[in-house]
Structures are given as structure tokens and as C-alpha cells.
Amino acid sequence: MGNLTATRPQQPWAAPTASDPVTATLRLPGSKSMTARALVLSALAGGPSTLHGPLRARDTELMAGGLRAMGAHVSVSDDDRWLVRPHRLVGPAHVDVGLAGTVMRFVPPVAGLAEGQVTFDGDPQARVRPLGPLIGALRSLGVRIDAPETGSLPLVVQGTGGVAGGEVVIDASASSQLVSGLLLAGARFDRGVVVRHQGPPVPSAPHLRMTVQMLRAAGAAVDDSVPDVWVVEPGPLAGRSWEIEPDLSGAVPFFAAALVTGGEVTLQGWPHNSVQPVEQLRSLLHRMGGEVTLTTAGLTVRGTGTVHGLTADLSDVSELTPALTALAMLADSPSTFTGIGHIRGHETDRLAALAREFTGLGADLTETADGLEIRPRPLHGGAFRTYADHRMAHAAAVAGLAVAGIEVDDVACTSKTMPEFPALWSAMVTGKS
């Protein structure tokens, strides 16, 4: 089931069990995906920018730190309002990517624009995440990169102060971030960039649409009218004010709690025109037995206490897989999830990790080449390893609502995208939110 590396020993976190329907109104941190893109676009802009409601978490602080290391002025002293003033990008600099796919894939193209050497490395697990297609693409666009033959970290970008740009062919079937990284910096390349994807379908298409929308909002000319081809014209990017939406992926465990317990959870501050895949989430939760409504109060999910199984292609919303898997194991019928083979290359091999840890709790689920088959049956408590993956901790928390005695080895890994998660979750389940 893949190579899994257990996390360091810690005091286990007892996932709280719900004795009553959960009723909560929450304001969650900002979107990691939007915060990361706004930081990159702001660092490459022609004037200052402000991020309102950004996510303060390990991934986004690493992104800010990487851009700051190359010379951008990024102030994160105010939790709700980050200020970015672009500056000439220079090396030598070192970028710690941690375990953040956004940092390891968005910042190397920016480093090509810097003058001087920029080194990249991160957590041990980061060295097995796929970077080869991005490295090859950047080399073909004129960027000099020293990297292992494995096409992985650590790597060194020898920046010359500019990137020629042009057309590049890439297989981005492992991650949409491979395309987004090229597009975000592409407007600053001498000839812009034309990215052509060749290979199996690119996963997480909504994230590519987010990249295109945010580039246009910053003043870039982008043509995505031809499938699997993205054209970014060379030109300046404008500094601006970015309103960061609440994080949809981070909200899913909380919405799942409404389904599991027959309760109601409202996420405040949700925009009516979102750049995140709200409609896909609404459809999935509806099919699993939930009612999803968007009002001025926020995005609300209601459950009946009965969860239905489903067959679904999750390729567009693969980040939701762990929480949906936990839901599916508590359902009244089997589920089959497909289109998610690429999440074997996320923070850990998520398919292997989900199968291994939930099987240890008595679950009946099977890995397939590109997904999971889940046959619900009663679960029992026990140890649950996260493999330093925040989404694994979310899955354990959802299952723990209905299964007493689940002990999570490293709930602190949720600091990757939501440091407040353990406190928010416990307060919601106990009714003290």
C-alpha cells in the first residue's frame, strides 16, 4: 500500500465523540489556495498589495518566507491583513518548502526571475513529491536548475534576473499545481508562457480556474479557451486588495459533522461568487444525505443523521477524499471513489494511508488503481496515524464523531493549514463553539 512514514511519537489526541446533533456557526480561516496565489501575484506585481482574511498556517507562512528570502517585503504581523510590497528579487536565498506543494511548485518559477542562486528543500516527505515535470518545463523555458535525476528536491535555481518564456509541453497529471506555478509567474517572463498539457487528465481543475481568475484580477491577459492549453501574455501585474475566501477544503470536516450527527453547521463569510468548487461540494454532500444552502448568514449544511453511500469521480475535488472517506464508512450503503490516483503523491500516499489506518479500526475498504472502494461496517476505536498529513487528521476526527476511542497520533499536523482545528473541532462537538 505504498511507502508510509510514521510521524514522531506524541501525546495522542482523543477524537471527541458526539452525543447530540452538532449545531454550530463557525468562521474558519482563509483559503490556503487563494492565500498562496495572492502572495505570489503580489510579490510579482508593480505595486503594493493587501491580503484581507489570509490563512495563517505553516504552508502560507512558508510561502511568505520563501518570497521574503528573495527580497519581497511581506508583513504578516496583522493576522487579518497581510501587506506585500514587491522588490527586486535576488539571491542567494534559501526556500524551505516544508511539505507544501504550493511552495515547491509555485516558487521555483519565481526564483527564475531572481538574480542569483535560490535553493529549495523541505521536510523528508517533500523529497518524494513529484517535481520532475516542472523542472523539465522550466529548463525548456530558459531557467537553469540543478536537481537530482529523480526530479525532486533538493534543487537549486540559478536565477539570471529574467526568464525567456515561450511555449512548453508538460504532463501535469500528477498535480494541477505544476501548471499553476508556470502560469502565476508567466506574465513576468519575457515572452509570457504557453503551457500545453499532454497526458492523463489534469486533476483538481477548479484550482486551475482559480489561478486563471486571480491572474486576470491582477491584470494579466490569459486565454484558457482551448482545453489543456493556457496562454499568459507578457505584461505587468497590478498590486491590489485581495479578499481571501474561507477555506472550502478545511470546512468539509465540519460540514461532515452535520451529516454524521443529524445537525446543522454554518460557515460564516461565504461569498456568493466563489472561486472554489462550491457546486461540486454541494452535489456530493446532497447525494450523501445533506442539505446545503447559501444565504446571507453563510454556507449551511444540515444532516438527518443518516449518511448515504455514493459512486463519485473526485478528480476535481481530491482534497475532500479523506473526509468523504470517513463519511462513506459511516454510510448506509457502499461507496466507490475514482479519479484520485494522484493523491498518492500528496503529503503522504493518501489512498494507502486511509486504507491502512481505517482497516485498523475495523473498516472494509480496498485501494484501487485510482481510488477506493468502501463497504460500511461497524468500526471500533484504536490508534490512528496521520503520517504528518493534515487531511488524515480531519478524516479521523469525522469518524470519531460516531466511533469512540479513536486516538490520533499527531493532531498538531493540522497546523499545516488550520492551527485552530483541534480547538474548533472540540468546541463544536461539545457545543461550546
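Q: What covers the buried residues of α6?
A: The cover includes α1 (32-43), α5 (177-186), β12 (222-223), β13 (229-232), β14 (241-243) and α8 (278-287). Contact means heavy atoms within 4.5 Å. Helices (H or I, at least four residues) and strands (E, at least two) are DSSP runs, numbered from the N terminus.

Q: What kind of model is this?
A: This is a predicted model, where local features need pLDDT of at least 70, side-chain atom pairs count only at pLDDT 80 or more, and totals for chains, interfaces and linings use all residues. Residues are numbered from 1 along each chain as its sequence is written, and side-chain values use heavy atoms, with hydrogens and water left out.

Q: Back to α6. Which residues are buried?
A: Pro206, His207, Leu208, Met210, Thr211, Val212, Met214 and Leu215. Buried means under 20% relative accessible area, exposed over 50%, partly exposed in between (1.4 Å probe, protein chains only).

Q: And what comes after α6?
A: Glycine 219 follows α6, and its phi is positive, near 100 degrees.

Q: New topic. How do α7 and α11 pack?
A: Helix α7 (residues 248-261) and helix α11 (residues 390-400) pack at about 10 degrees, with axes 10 Å apart. That makes α7 roughly parallel to α11. Angles under 35 degrees count as roughly parallel, over 145 as roughly antiparallel, 65 to 115 as roughly perpendicular and the rest as oblique. Axes are lines fitted to C-alpha atoms, for helices over the stretch in contact, and angles run from 0 to 180 degrees between N-to-C directions.

Q: Which residues make the contact?
A: α7 gives Ser249, Gly250, Pro253, Ala256 and Val260. α11 gives Arg391, His394 and Val398.

Q: Now the sheet. What order do the strands take?
A: The four strands run β18-β19-β21-β20 in an open sheet with mixed pairing. Two strands pair if DSSP finds at least two bridges between them.

Q: Which strands stand at the edges?
A: β18 (311-313) and β20 (364-368) do. Each has a single partner strand, so one side of each is left without a neighbour in the sheet.

Q: How do β20 and β21 pair?
A: They are antiparallel, over five bridges. A hairpin of two residues joins β20 to β21. Threonine 368 stands opposite glycine 371 in β21.

Q: And β19 with β21?
A: β19 (residues 335-338) and β21 (residues 371-375) are also antiparallel, over three bridges. Threonine 336 has glutamate 373 in β21 as its bridge partner.

Q: What packs on the sheet?
A: Helix α10 (residues 350-359) does, touching β20 and β21. Its direction makes about 160 degrees with that of β20.
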